[in-house]
Amino acid sequence: MTDDIREIFEQAGCEGALCVQPLEGDAEFGLRADEPVVPASVVKVQVALEAETSFAEGRLDPCERVTLSAAGRTPGPVGISLFNDDAVLSWRDMVVLMLTISDNHTTDALLRRVGADALNATAMRLGLTGTVIESDLQTMLDSIGEDLGCASWKDSLAWAAGASAEEMAHADERLLASRALDPSQGTRTTPRDMVDLLRLIWTDQAGPAAACERVRAVMERQLTRHRIASGFRLPVRVAAKSGSLVGVIRNEIGVISYPDGRRYAAAVFTRSRPGSDDAAISRAIGAVTAQAVAALQDTGA
């Protein structure tokens, strides 16, 4: 079965790692499950858990109105990152934008409010020993720009707009060697850690029950449905969080729930060269998850 999984990844044009476990029991299907990977926006589940725990424990008012200034906004392809004007949101509504459409600016606002140290302390408390958040998203993106020879991420985009094909080819090689794409230097996790996190959230062991329930509920509303969810059909339900970075990293973690009560936590991480087929890799994420779940079901898990 692992050879079949590797072949699916290879045919899609990427390398892959995954871990899939039933929420009840000790069975597992894994491929490179303990190897460090770049999480990209998958870290937003950790940010959401920390924020929701702060709400539940009374350390942060979820209804507090916060002005998100248009100046210095964290770049991103959706949401607040695209706004021209200041926006006013509550902390709890920022969690919704962060998990449903993967909004980058609300992520950084929340991360800076709760603190990366707190997120890392929670990861250690939960036994996620391979998971470390090194910085907020803005700092991570700027480090990519610096590794490309520019002053910042914004400057790298301006440079790329006028670069030749040859210059872009050289930039792609530098991109692949950037700190943010190296799990030994940047923010990192493992497939097994993320499955452990999901199991803890789904069993109310990751924090207060109200916090875990809220994270589960919002993950069920993620807009992206073309990765893990593409491998399953209704009435099977998928609650997930995807992550992508600079056309190289494409990931997703989530819980697959069957009508008969069987539930499976899955974490799939991929890496490819710039210019790879995004749709093919996203379909591969769904296909390998479906095969792994089927293999576990064949064993009675």
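**Ser143.** I started at Ser143, which counts as buried at 11% relative accessibility. This is a predicted model. I placed Ser143 in helix α6, residues 137–147. Its side chain reaches the backbone oxygen of Met140 at 2.6 Å. Leaving out residues up to four places away in sequence, I found Ser143 touching Arg179 and Ala180.

**Salt bridges.** I searched the whole structure and got 18 salt bridges. I followed Arg112 next. The side chain of Arg112 meets that of Asp108 in a salt bridge, N to O 3.5 Å. Asp108 and Arg112 are four residues apart in helix α4 (residues 104–114), so about one helical turn separates them. I read Asp108 as buried at 0% relative accessibility, while Arg112 is partly exposed at 46%.

Arg112 also meets Asp136 in a salt bridge, at 2.9 Å from N to O. Asp136 lies in the loop between α5 (116–125) and α6, and Arg112 in helix α4, so this pair ties together parts 24 residues apart in sequence. Asp136 counts as buried at 12% relative accessibility. I also noted one network of salt bridges with shared partners, joining Glu28, Asp34 and Arg192.

I then checked Glu24 and Arg263, whose side chains form a salt bridge at 2.8 Å, N to O. Glu24 sits in the loop between β1 and β2 and Arg263 in strand β7, so the pair ties together parts 239 residues apart in sequence. Glu24 is partly exposed at 46% relative accessibility; Arg263 is partly exposed at 25%.

**Sheet.** I traced five strands in an open, antiparallel sheet, ordered β2-β1-β7-β6-β5. The edge strands are β2 (29–31) and β5 (237–245). β1 (residues 15–22) pairs with β7 (residues 263–271) over eight bridges. I found Ala265 in β7 as the bridge partner of Gln21.

Definitions and conventions: Residues are numbered from 1 along each chain as its sequence is written. This is a predicted model: local features need pLDDT of at least 70, side-chain atom pairs count only at pLDDT 80 or more; totals for chains, interfaces and linings use all residues. Side-chain values use heavy atoms; hydrogens and water are left out. Two strands pair if DSSP finds at least two bridges between them. Helices (H or I, at least four residues) and strands (E, at least two) are DSSP runs, numbered from the N terminus. Buried means under 20% relative accessible area, exposed over 50%, partly exposed in between (1.4 Å probe, protein chains only). A polar contact is a pair of N or O atoms within 3.5 Å; within protein, one must be able to donate a hydrogen and the other to accept it, and residues adjacent in sequence count only if both atoms are side-chain atoms. Contact means heavy atoms within 4.5 Å. A salt bridge is a side-chain nitrogen of Lys or Arg within 4 Å of a carboxyl oxygen of Asp or Glu.
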